[in-house]
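Open the model in your viewer and keep the selection tool at hand. The tour moves from ring to ring, then to a helix contact.

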Amino acid sequence: MKSYDPNKIEAKWQKKWLELGIYKNYNKDKKFYVLDMFPYPSGAGLHVGHPRGYIATDIISRYKLLQGFSVLHPIGWDAFGLPAENYAIKNKIHPKIAVEKNIITFKKQLKKFGFTYDWDKEINTTDPEYYKWTQWIFLKMFEKGLAYESNEPVNWCPNCKTVLANEDLEKGLCERCKTQVIQKKMRQWVLKMTNYADRLLYDLNLKELNWENSIIEQQKNWIGKSEGVQFEIKIKNSLEKIEVYTTRIDTVYGMTYAVIAPEHPIIEKIKKGIKNYSEVEKYLIQAQKKTEFERTELQKEKTGIELKGIKAINPFTEKEIPLFVADYVLGFYGTGAIMAVPSHDERDFEFAKKYNLPIKHVILMENPCDSENLVDWKQELIDKKHWWWKHDYCYTKDGMLFNSKLYSHFSSEQARDKITEWLEKKGIGKRKINYKMRDWVFSRQRYWGEPIPIIHCEKCEAVAVPENQLPVKLPEIKHYEPTGTGEGPLATIHDWVNTKCPKCNKPAKRETNTMPQWAGSSWYYLRYIDSKNNKSLIDKKLEKKWMPVDLYIGGAEHATRHLLYARFWHKFLYDISVVSTIEPFKKFMYVGLILAKDGQKMSKRWNNVINPDDVINQFGADSTRLYEMFMGPFMQAISWSVDGIKGTRRFLDRIWKLQKNLIKTEEKSTEILMHKTIKGVTEDIEQFKFNTAISTMMIFINKAEKNGTTIANYESLLKILSPFAPHITEEIWEKLGHKKSIFLSTWPKYNVELIKDDKINLVIQINGKVRDIVIVNADILEKDAKKIAMKSEKIKTYITNKEIKKTIFVPKKLINIVI
RNA sequence: GGUCCAGUGGCGGAAUUGGUAUACGCGCAACACUUAAAAUGUUGUGUCCAAAAGGCAUGUGGGUUCAACUCCCACCUGGACCACCA
């Protein structure tokens, strides 16, 4: 027998599988759609971390295939966007050429793993035939009023020279280049994602949605629903009023001042009444210059300025309170104005301390109604039990109201209801729901993206490009560097920009901004299903057949961006009847990062990148696949180690050698172990516990190597190993005389009767400590177990002359004697 | 600062409706094979003790229990996400 030579057999089977197309049986009764987050073909190529998720989906694909499913397992390229463009600029290659080159590298690398991808379904977001439909979705949104032009201040990255969405920021820095982002008023396209906020939140609770909890929590936090009250505060001697938003209306009697954001429009209206306007103006200019990062830096002291000569009226007490402008109030959230309650809000507290503003307590830490001295409540009890209330102390939790006129004695919860009712009755306030999530800023002033299919006409304003003119192709261009003017580089191509208005036929200009990187990936899972369709986005029958995606695997870092955007688009497509499911991804699993040996992220910068090609050349694809799954729990980040992979290679060597150790009749225990192994591996795959699935098979080979095993068991072993190590198992399968691929066979079943243990190790404990272990029948009764325990020599030494208080018997497990 | 998750041998890790802690792999040591090495195989490998018997060990300190890696409380350390969202 020749020794195991992975390089030879892997190339052979990769070629054969492609020729035979064994994965492409799409007509079975049961379907399974398994999806990888498609890669971004960067210039660096793949490192060993990328394939971890792909290996898992490949294991699931082959496993489902063996269980008789039609499996859709596609791959494609998410190739628009800043990294590709920056790489191209740096290396002075056109992004299109760079992307094409990178895709070739990526493909070559991926193919070495022997994945089940159906390459006929390959897609590329930069292909006009693909982005035609990305543009089409945008136009549908435009048609429904969900895509609109806005002039609000937006995040501008001075380095990338483009606007960014909220989701593209990392602590106020540009997620790509870590430059501080500034706020800039610019015309831009925005998608009304907030219209879907409630559904995006609510549907996360669907039973059918089987997502990792931490991802669901992250999305919920990002959407950030808060239920509160919005009410108006009058300005003294003026018809103007400001609307404030609060979730703690129960603390309203503690309001000692009010604050508006620097960008609040009322400042302009009451300008004349502000006595210190020149100083206020200075502050406004200063605040505007601050980056969002500085503004939200928590450690930074709060700043603000009082609008002298202006007084606000607390509608509850009718008392005058000062009004401040301060940039700790955010213009974009709620109403851009707040009631300030320093006694029960930490930010207001900090501000009040700095500017010496009164602090009035209205919430008690605990409910004195619970105490017996209900009658004596009021001052005495407060003084005694709640010494803090006169002092500088900020209590932010719910409690019981006092100092709140007729609402005193109420709990925070009751008070919120009652006070809101009062506001509603008076017509000066109402319940209001706010979200942290903002609308999606959708235009980029860059070249390498889908052109936004809009034509600007002086008379007709923004007009949709007619559907039959899609795609609006991205024109060839000499200089694709960003301009920094707010227009995209496309603005320089006059032939392209100047066109006619589709409505009135007069001269008009094309939109020169492009779509963000996340556009193409927001619906790509649909295109795989019907990748060649040029009449519609997707055929209805095919959509019904394959959707939803049964399993989606990718990085956890996409929890609040890609996954949110894709769900948003999917719900829109549902509303316009393009898709039939309300959620796109039934199950989502995230894959843990593979770190370099030093515990850092793999990056060219640290010079610690491991290229999978090298690993495969040395150990083979099967060993590499096996090791990436064996190294630790799937969702956990883990460091790469060369030593570990030696172990999985040895394991495959032993699988190979077992061919010559096949026997006619084997010990019963080997057969039983085989069935236990099948059970273990099946259950572990279902639960994504690939590491223990592999160790289960290792346990079997340890025994089979010693005692020998039958060909029937060996074939079962090959089958359950085949999703993990497809090449070696296929090769041995062929050597054993099979004419058809192992992946056209069926997943082995285990015999439930056989794996029932009739003998067990009964643990005998004294006071919970293991003192002896005896082999007994599995169905042993308590009284018999006790007898056996008492007979044990080891136990005797412990119980002689001791009183036995009680014994605890756990069937099939142990007996514990308490003395 | 908030939320969530984690902490087990020399290393990666296994075990949770509470019931034999350290499976499996790596590494290490001894032996076999070899002129030798690599590869392979066999045996051993938590810690204390020369060994046995036994004691002690799942970040730290408490608690619940016949029994705690698993549940509860407090703390320490590390990671992820969010971060003035009223």
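How many aromatic pairs does a search of the whole structure find? The search finds 50. Rings of Phe, Tyr and Trp (its six-membered ring) pair if their centres lie within 6.5 Å; planes under 30 degrees apart are stacked, over 60 edge-to-face, the rest tilted.

This is a predicted model: local features need pLDDT of at least 70, side-chain atom pairs count only at pLDDT 80 or more, and totals for chains, interfaces and linings use all residues. Residues are numbered from 1 along each chain as its sequence is written, chains are lettered from A and ligands numbered from 1 in the order in which they are written, and side-chain values use heavy atoms, without hydrogens and water.

Select tyrosine 552 and phenylalanine 585. Their pair is tilted, 4.3 Å centre to centre with 35° between the planes. Tyrosine 552 lies in strand β27 and phenylalanine 585 in the loop between α17 and β28, so the pair ties together parts 33 residues apart in sequence. Strands (E, at least two residues) and helices (H or I, at least four) are DSSP runs, numbered from the N terminus. Both residues are buried, meaning under 20% relative accessible area (1.4 Å probe, protein chains only).

Next, phenylalanine 688 and phenylalanine 690. This pair is edge-to-face, at 5.7 Å and 75°. Both are buried.

Now lysine 30: it lies over the face of phenylalanine 69, 4.5 Å from the ring centre. The criterion is NZ of Lys or CZ of Arg within 6 Å of the ring centre and within 35 degrees of the ring normal.

Finish at helices α1 (residues 6-20) and α24 (residues 726-735). Their axes, lines fitted to C-alpha atoms over the stretch in contact, are 9 Å apart at about 85°.

Terms used. Axes fitted to C-alpha atoms, helices over the stretch in contact; angles between N-to-C directions. Buried < 20%, exposed > 50% of the residue type's maximum accessible area, 1.4 Å probe, protein only.
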